[in-house]
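Good morning, and thank you for coming. I would like to guide you through a few parts of one structure, beginning with a helix.

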Amino acid sequence: MVCSQSKFIMVRTGLFIAAVATSVIFYTACKKVEPIEIPDPTPSTGVAVPLKVPPYQKLSTYRFFQGDIKNQQPAEGVLEYEPISSLFTDYALKKRFLWMPDGKSATYVADNDILDFPVGTALIKNFYYDHVMPGDVTKILETRVMIKRATGWIFAEYIWNEEQTEAYLDMNGGYVNITWNRNGQELSTNYRIPSETECKVCHKLNDVPIPIGVKPQNMNKNFNYPDGTKNQLQKMIEMGYLAGSLPPNINTVVNYSDATQPLELRLRSYLDINCAHCHSAGKHCDYRPIRLGFSETVLKTNMGLCVEPGEMIDPAMNYIISPSNINRSVMHFRLNATNESVRMPLLGRTLVHQEGVQLLEDWINSIEFCE
Amino acid sequence: MKRKLFLITAALPFVLTDVVAQSSCNTALSITAGLHTVDAVDGPEVPMPVCAPNGTGASAGKWYVYTPADDYTVRVSTDLSQNTGKDTRVHIYTGVCGSLVCHAGDDDSGNGYLSLIDFAVTQGVTYYIAFDNKWSSSGFDFMLEETPFVDPPVYPVTFTENYFPTITGDYKIAIADMNGDYLDDVVTVSANQVQIHYQQISGAYTNTTYPVSITYLPSWSMAIGDIDKNGFNDLVLGAGSGVTFLYANATGTGFTEVTGSQYVFSQRTNFVDINNDGHLDAFVCHDVDPNVYYLNDGTGLLTFHQGGLGDHDEGGNYGSVWVDYDNDGDADLFIAKCRGGSSTAKYNELHRNDGNGVFTNVSTAANMYDPVQTWSSAWNDYDNDGYMDALIGASSFTDGSHKLMRNNGDGTFTDITSGSGWETNTQSSIEYVTFDFDNDGYADVMGGNQTISFNNGDLTFTPMAYNFPVGSVGDMNNDGFLDVQNGSRIYMNDGNTNNWLKIHLKGIASNMNGIGARVELYSGGMKQIRDVRSGEGFRHMHSLNVHFGVGTNTTIDSVLVHWPSGTIDNVLTPDVNQSVLVIEGAHPLGLLEVDGKKVELYPNPANEQLSIKNLNTEDVALIKIVDVQGREIMTLNQPAATLNISSIQSGMYILQIDLKNGKRYSDSFIKK
C-alpha cells in the first residue's frame with residue numbers, strides 16, 4: 001500500500017500560549033484519504049458519481065442539487081427520502097437523498113436488511129440546524145455521502161463553508177461550535193463531524209462498510225413529494241430505483257415521536273435506528289448481550305430486560321433494564337449520560353436526547369416483572 | 001412492658017408511642033427467629049453506616065434488635081414469595097445505638113431485588129437489624145432463621161469504607177505521588193481543574209485545587225509520569241477524540257496543557273520509555289485505528305507517532321500494558337483487544353521490544369493471539385518463578401472465557417486455566433489489575449464485578465466478594481497494605497499479620513519514577529518480581545511505588561532494581577515493614593572493573609576532595625555529579641582522578657562516569 005503523508009502538529013495551548021515551539025512529524029499509517037485535485041471525469045450535465053477516482057473535492061461537483069446548493073433542492077433523478085424513525089444527533093435536522101445511475105435499480109432483500117443497491121448508487125445526507133444564532137439562520141454543517149463501488153461502499157465526508165456556498169471533502173473530522181433555538185429553548189453544542197474512522201464504527205458489518213437506514217422496515221411510509229404524497233418504496237419502484245416485487249406486508253417500524261403508537265413499538269423503533277448498528281450480530285459491540293434490531297426486540301431479553309450488563313458501571317444497576325426502576329437500569333443511565341465513556345450511543349451525540357430518554361423511562365415503568 | 005412504659009414517658013412530648021416503635025435504633029423492636037412483617041420503611045433514623053452494597057441514598061429506616069441464645073449462623077431474608085417484585089435492603093450491626101458497627105448487610109442477593117444474608121452470631125451479643133428505603137418504602141415480610149453455627153468464610157483481608165466528601169471532580173480515577181514525598185495522593189480531573197489530595201505523614205490529606213483549562217478529559221483513562229523530569233509528575237488524559245497532556249510546573253503548583261491536534265479514540269493510556277533513550281514517552285490505545293504514541297525529545301516535548309505498535313486497521317485496542325515478559329530488561333507491549341463481529345481486531349497482541357524502538361509482533365509465536373473479548377489483562381508473576389504470567393480477563397464470554405497463561409520462560413505461554421479457579425469464574429469485567437492485597441507474597445487479581453481473586457500460591461485463585469468495584473490502588477494510609485479508591489470513597493485495607501516492603505524509586509539516567517524498571521525481591525528462598533508500570537487495567541492509574549508482601553518472612557535478603565538505563569541497584573537485607581528509597585546508581589551491584597581493578601570512590605563521605613581509585617582517566621569521556629533530584633551539579637570534560645567538591649552543598653550525590661567505550665558507571669557519595 002502506498003502511504004500518503006500529511007502533517008500532524010502538537011500545539012501547546014493553555015496558560016502559555018505559543019510559549020514552546022511546535023514540532024512537526026509525519027504520519028505514516030495508511031489510513032486517510034489525501035486531498036488530490038483530480039480532473040472532472042464527468043459529463044457536463046446531470047449527476048456525476050466517481051466510481052474509480054477519489055471522491056470529489058467539492059460537493060457541488062456531484063450536481064446532486066439544483067440551483068443554490070444550500071437550498072437542498074434535489075436535481076433530476078435525485079430522490080429525497082426519510083426513514084420513519086431517525087437517529088438522534090444532537091437535534092440536528094437532516095435531509096436525505098439517493099441517486100442511482102440510469103437503468104440501475106436496487107432490489108429487496110428483507111424487511112430488516114438494507115436494499116441491495118447497484119454499483120454507482122449514492123446516498124446523501126445533509127446535517128443542518130434551523131434558527132442558528134446569531135442571525136436565526138439555517139446552517140448546513142456537513143454532508144455525508146456513501147458511494148457504492150464495485151469494491152463496496154465508500155464514505156465521502158463534506159464540510160460546509162461559512163458562506164453556505166460549498167462543502168469540501170474532509171475525512172479527518174472536526175468540530176463546529178453551534179448555538180441554536182429549538183422550540184424557544186437555546187441549545188449549544190460542540191458539534192462533532194466524524195472522521196472516516198468514526199463513520200465506519202457504525203457503518204459496518206464484520207468490518208465491511210454498509211449503509212444503515214435504507215431498509216424496507218424504515219422506508220415503508222408516505223412522503224410528500226413535489227408531485228404529491230406517495231409511499232417511498234412505491235416511489236422508488238415508479239422511478240425504476242427498486243426492481244422486482246415487494247412482499248405484501250412489510251414488518252415496519254413506527255415513528256417513535258408518534259404518541260398515538262403503542263409505547264413498546266415506539267421504543268423498539270427508537271432502539272433500532274439509534275442502537276442496532278452496534279448492537280446486532282457482526283456489529284461493533286455484538287459481544288454485549290443485547291440485540292436491538294427491530295426484528296429482534298420482539299424478545300424483551302434482547303432489549304436487556306433483566307439481563308446483567310457485561311460492564312458494571314454501578315453495582316446498583318444490576319440489569320440493563322430493571323422493571324419499573326430506571327435507577328437500576330443501565331440503559332437508562334447510559335442514554336441519560338454525556339460522559340463519553342458511559343454514554344450511549346457511543347458516537348454521534350454530546351447532548352442527551354430528552355424525548356428518547358423519556359420514551360425509555362415510560363416503557364421501563366410500564367414493565368412490572370422480569371419474564 | 002417496662003420498655004414500652006419508658007417509651008411512653010420519654011416520647012410523650014413528641015408523638016404517640018406506637019409510631020415511634022421500630023423507627024430508630026433506640027426504639028428497635030426486639031425479635032426472635034421467625035417471620036416478621038414490616039408495615040413500611042418509614043422511621044426517621046436512616047441506618048448508618050451503610051453495611052450493604054450500593055451506597056447511601058436512603059431517607060428512612062425500620063429497626064429491629066436480636067440477641068441470640070446460642071451461637072448460630074443466622075439468615076435474614078426478604079426472599080419470600082409474598083415479596084415478589086419488591087426491593088429491600090438490610091444492614092446488620094453490633095455495638096450500641098449512636099456508634100453502630102457493621103456486621104453484615106445485603107441488597108440484592110435474593111431473587112430480583114430481595115435481600116438474603118447469612119452471618120455468624122455469638123450468644124448474648126446484641127445485633128441490630130435495620131432495613132432502609134434506598135429503593136422502596138413499601139412494606140414486606142422478612143424471615144430470621146437460626147441454623148447451627150458455621151464458621152464464616154475467612155477473608156485474607158477486609159477493607160473499611162472511608163468517605164471523603166472533599167474528593168470531587170469529574171474523573172476520580174488516579175492515585176500517584178504528586179509532590180515527591182512518595183506518599184500516594186489522590187488526583188482528580190475536571191474541565192477546569194486538577195484536584196490533589198496530598199497524603200500527609202499523619203495519614204490526613206490536604207486538598208489543593210489547580211486551575212487549568214483542559215481540552216480532552218480523561219473520559220477513557222489516565223496515566224501519570226514525569227515527562228519533563230522536573231521532579232513533579234505529569235498527566236496524560238485519554239478522551240474519545242483526542243489526547244491531552246498536563247505538565248506540572250517546576251514547583252508542582254500548577255499545570256500547563258498540551259493537546260495534540262490528532263483524532264485519537266483513546267482507550268488505555270500509559271507512560272513508558274518506548275525507545276529506551278532515558279526519556280519518558282506516552283502510549284495511547286486507539287479504539288478504531290492503529291495505536292498512537294508520543295516520543296519525548298528529552299526536554300519534555302512530545303511528537304506524535306502512529307504505526308508500528310499495534311496496527312490493525314480497525315483498532316480494537318483497549319488495554320495496553322507494558323511488561324517485560326522475556327526478562328531482557330526492556331518493557332514489551334501486550335494489548336488486550338475487543339471487537340464485535342468477525343473482525344480480527346479482537347485478537348490480542350504481544351509485541352516484543354527488541355531495543356532501540358524496534359518491536360516485533362510475536363502474538364502467535366507466543367500463543368497469545370486469542371480472540372477473547374478483553375478490555376484489560378493482569379500481568380504478574382503468579383507462581384514466583386521469575387517470569388511474568390498473564391490473566392486475560394474476559395469482558396464478555398462470546399469469544400472465549402478468562403485465560404490464565406503461564407509464562408514458560410522461553411517466549412511462549414501455556415494456557416493453564418483449567419483447574420485454576422478462573423474457568424468457573426462467571427463474572428466479567430472491563431478491569432483486571434494485579435497486586436498483592438493480602439501481603440502473602442503471591443500476586444492477586446482484582447476484577448469481576450466486585451471481586452478480588454486471591455492467589456493461593458499454587459496457580460489457583462479463590463474469588464472473594466467485596467462491596468466495591470475495581471478502583472485505583474495505592475497505599476492511602478502508608479501502612480504497607482494496599483487500599484482501593486473508588487470515586488470519593490477509599491476502601492482502607494484492614495491488613496493482617498503479614499510483612500511487607502515498599503520500594504520508592506528515583507531515576508537518574510532513567511525516568512524519574514523508574515517506570516519500566518524490574519524489581520526483584522529475594523526472601524526466605526522465594527523470589528518475587530514487579531514491573532514498574534504507569535497505566536494498567538483499563539481506566540485507572542495506580543501507585544507508582546513498588547509493593548511486595550512477604551508473608552510471614554521477617555527478613556529479606558536483597559532487592560534488585562534493574563533500571564531501564566541498565567543500571568542495577570542491589571539493596572541488601574532491608575528490614576521488613578518499611579519503605580526503602582532507591583536512587584538509581586546508589587546501590588551498585590558490581591563496581592566497574594578496569595583492568596581487573598575495582599573502581600571506588602574515597603573518602604566517602606567526603607569533604608573537600610573526592611578521589612576515584614583505579615580509574616584510568618584516559619578511558620573516560622565525561623564525569624558528572626548529579627544530585628538526588630537528577631540535577632547536574634558539576635561536569636568535568638577533562639576527567640581527573642580527584643575532584644574538588646568543596647563548593648557543593650552537603651548531601652547525597654551520584655557520581656557518573658561515562659567511559660569512551662560507551663560503558664557507564666555510577667556510585668553515590670555523601671558530601672559532608
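This is a predicted model: local features need pLDDT of at least 70, side-chain atom pairs count only at pLDDT 80 or more; totals for chains, interfaces and linings use all residues.

Which residues of helix 6 of chain A are buried? They are A:Gly356, A:Val357, A:Leu359, A:Leu360, A:Trp363 and A:Ile364. Around the axis they cover an arc of only 155 degrees, which means that they are on the same side of helix 6 of chain A. As a general point, an α-helix has 3.6 residues a turn, so residues three or four places apart point the same way. Helix 6 of chain A itself comprises 13 residues, 354-366. From its first C-alpha to its last it reaches 18 Å, close to the 18 Å expected at 1.5 Å a residue.

Let us turn to chain B. Here four strands form an open sheet, in the order 23-24-25-26, with antiparallel pairing. Strand 23 (317-323) and strand 26 (359-361) of chain B stand at the edges; each has a single partner strand, so one side of each is left without a neighbour in the sheet. On average, neighbouring strands of this sheet are turned by 20 degrees against each other, direction ignored. Strand 24 (residues 332-337) and strand 25 (residues 349-353) of chain B pair in the antiparallel sense over three bridges. In strand 25 of chain B, B:Leu350 is the bridge partner of B:Phe334.

Finally, I return to chain A. A:Met133 lies in strand 6 (residues 122-133) of chain A. Is A:Met133 buried or partly exposed? A:Met133 is partly exposed, because its relative accessible area is 28%, whereas buried means under 20%. Among the residues that A:Met133 touches are A:Thr179 and A:Trp180.

Note on methods:
Residues are numbered from 1 along each chain as its sequence is written. Chains are lettered from A and ligands numbered from 1 in the order in which they are written. Side-chain values use heavy atoms; hydrogens and water are left out. Helices (H or I, at least four residues) and strands (E, at least two) are DSSP runs, numbered from the N terminus. Buried means under 20% relative accessible area, exposed over 50%, partly exposed in between (1.4 Å probe, protein chains only). Contact means heavy atoms within 4.5 Å. Two strands pair if DSSP finds at least two bridges between them. Axes are lines fitted to C-alpha atoms, for helices over the stretch in contact, and angles run from 0 to 180 degrees between N-to-C directions. The expected span of a helix is 1.5 Å times one less than its number of residues. The arc is that of the directions from the helix axis to the C-beta atoms.
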